[in-house]
Amino acid sequence: MTQSGIRLARLIEHFGGELIGNPEHVIAGVATLRSASANEASFCHRGKYLEDLRQSRAGVVIVAPADRDGYAGNRIVADNPYLYFARVSTLLNPDPSPAIGVDPSARVHPSARIGVGVAIGPFCSIGAACHIDDGVVMRGHCAVGDEVTIGAGTRIDTHVSIYARSVVGARCVILSGAVIGADGFGFAPDGPRWVKIPQIGRVVVGNDVEIGANTTIDRGALDDTVIEEGVKLDNQVQIGHNCRIGAHTAIAGCVGIAGSTRLGQRCMIGGAAMIAGHLELADGVIVSGGTLISKSIREAGVYTGVYPFEPNKKWTRNAAALRHLEDMKDRLRALERRFPDSKDCP
């Protein structure tokens with residue numbers, strides 16, 4: 001990598017793929033097919049944006065094997081252009097290196113253990129008996145409660161709150177405004193009043209997890225709320241107490257997951273989906289955006305559904321009938337075959 005960019009030959013050394021064109025050409029940034037210039041890289045999914053591909057002025061375009069001849073300029077042929085582009089963009093856009101050390105305005109409890117190469121920004125607060133591992137970056141105005149553990153290389157943006165006894169793994173990314181370990185929503189009815197149930201569990205976050213801006217993860221009532229390794233949470237996601245989110249699951253923005261629900265590994269939950277409490281979703285389940293999941297899903301697949309609200313008793317009856325609609329259709333067709341003249345009845 002040069003001071004002003006990277007040669008295409010070096011990209012091939014880093015990430016593989018087949019280069020068609022000039023290996024000495026240098027790129028310094030990334031852009032869309034329409035806006036890219038001669039010193040920028042872009043990409044094209046197979047079968048999409050082919051006209052933009054033909055007209056692009058990018059210095060190099062990452063394409064699938066089927067589109068290798070769709071561009072006249074430099075191109076890198078890769079099986080997964082999107083993934084290849086993500087790696088190129090990461091290489092060309094590294095995170096800025098923060099100033100190592102503790103800002104004078106920060107408050108760090110004397111019993112906290114701070115690792116090597118840690119950066120703690122202005123007005124942060126680190127509680128008693130915390131362990132902040134090597135290379136952690138914490139931007140300004142973060143609040144970390146007592147006995148919190150944060151793994152090596154984790155990056156925490158501004159105004160993040162991590163409640164006491166929470167565990168955050170290594171190489172995580174937590175964006176601004178996220179709240180980890182707040183009280184779960186637990187109340188027992190006492191006549192017209194509510195009695196609060198102490199939430200004495202923790203939040204345990206695995207390695208390589210990303211938590212979006214203003215996302216909230218409630219601590220468990222008794223057991224822990226667990227976010228397994230590699231999970232990606234978008235902005236404004238709500239995860240209730242005692243949930244377990246399986247490894248490498250991705251959840252888009254504005255999703256709400258009620259308490260004590262377990263999501264399997266490698267699930268994908270679309271934006272604004274709602275998942276009721278005390279359910280289980282199998283590995284590999286995909287939930288479309290805006291879908292309401294009200295019962296457990298035992299098999300992998302894509303699930304979609306929005307049903308208009310109405311009085312609960314009527315909704316329950318209609319929903320029960322709707323579940324049997326396919327069976328009723330088959331029975332009706334069987335009757336029509338048996339009594340063909342019935343089709344003409346008034």
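## Basis of the model

Residues are numbered from 1 along each chain as its sequence is written, and side-chain values use heavy atoms, with hydrogens and water left out. In this predicted model, local features need pLDDT of at least 70 and side-chain atom pairs count only at pLDDT 80 or more, while totals for chains, interfaces and linings use all residues.

## The parallel sheet

An open sheet of 10 strands shows parallel pairing. Its order is β9-β12-β15-β18-β21-β26-β29-β32-β35-β38. The edges are β9 (107-108) and β38 (292-293); each has a single partner strand, so one side of each lacks a neighbour in the sheet. Strands here are DSSP runs (E, at least two residues), as helices are (H or I, at least four residues), and both are numbered from the N terminus. Two strands pair if DSSP finds at least two bridges between them.

Strand β15 (residues 143-144) pairs with β18 (residues 161-162) in the parallel sense, over two bridges. Here Val-144 has Ile-162 as its bridge partner. Strand β18 also pairs with β21 (residues 179-182), again parallel and over two bridges. In that pairing Ile-162 stands opposite Ile-180. Next, β21 pairs with β26 (residues 216-218) in the parallel sense over three bridges. Val-179 stands opposite Thr-216 there.

## An antiparallel hairpin

Strands β22 (residues 187-190) and β23 (residues 193-196) run antiparallel and are joined by four bridges. Phe-187 stands opposite Lys-196 of β23. The two strands form a hairpin with two residues between them. In the turn, Gly-191 has a positive phi of about 65°.

Lys-196 also has a part in charge pairing. Together with Asp-183 and Arg-219, Lys-196 is linked in a network of salt bridges.

## Salt bridges

The structure holds 13 salt bridges. A salt bridge is a side-chain nitrogen of Lys or Arg within 4 Å of a carboxyl oxygen of Asp or Glu.

Arg-7 and Glu-24 meet in a salt bridge at 3.0 Å, N to O. The pair links distant parts of the chain, 17 residues apart. Arg-7 is in strand β1 (residues 6-7), and Glu-24 is in the loop between β2 (18-20) and β3 (26-27). Arg-7 is partly exposed at 25%. Glu-24 is partly exposed at 47%.

Asp-52 and Arg-34 form another salt bridge, at 3.1 Å, N to O. These residues are 18 apart and link distant parts of the chain. Asp-52 is in helix α2 (residues 50-55), while Arg-34 is in the loop between β4 (29-30) and β5 (40-43). Asp-52 counts as buried at 17%, whereas Arg-34 is exposed at 71%. In a further pair, Glu-228 and Arg-244 have their closest N and O atoms 2.7 Å apart. Glu-228 lies in the loop between β27 (225-227) and β28 (232-233) and Arg-244 in strand β30 (residues 244-245), so the pair ties together parts 16 residues apart in sequence. Glu-228 is buried at 19%; Arg-244 is partly exposed at 30%.

## A nonpolar patch

Tyr-307, Leu-322, Leu-325 and Met-328 make a nonpolar surface patch of about 370 Å². Patches are made of residues with over 30% relative accessible area and no salt bridge; like charges are joined within 9 Å, and nonpolar side chains (Val, Leu, Ile, Met, Phe, Trp, Tyr) within 5 Å. Areas come from the Shrake-Rupley method with a 1.4 Å probe, and for residues only the protein chains shown count as cover. Met-328 is in helix α5 (residues 325-338). Met-328 is partly exposed, at 43% relative accessibility.

## The largest pocket

The largest pocket has a volume of about 620 Å³. It is lined by 17 residues, and the closest to its centre are Leu-292, Ser-294, Gly-305, Tyr-307 and Trp-315. The elements giving two or more residues to the lining are β38, β39 (301-303) and α4 (312-323). Helix α4 provides the largest share, four residues.

A pocket is an open set of points on a 1 Å grid over the protein atoms alone, where a 1.4 Å probe fits, with protein on both sides within 12 Å along at least five of seven lines; lining residues have an atom within 4 Å of a point. Grid points are joined across faces, edges and corners, and the volume is the space filled by probe spheres set on the points.

Definitions and conventions:
Buried < 20%, exposed > 50% of the residue type's maximum accessible area, 1.4 Å probe, protein only.
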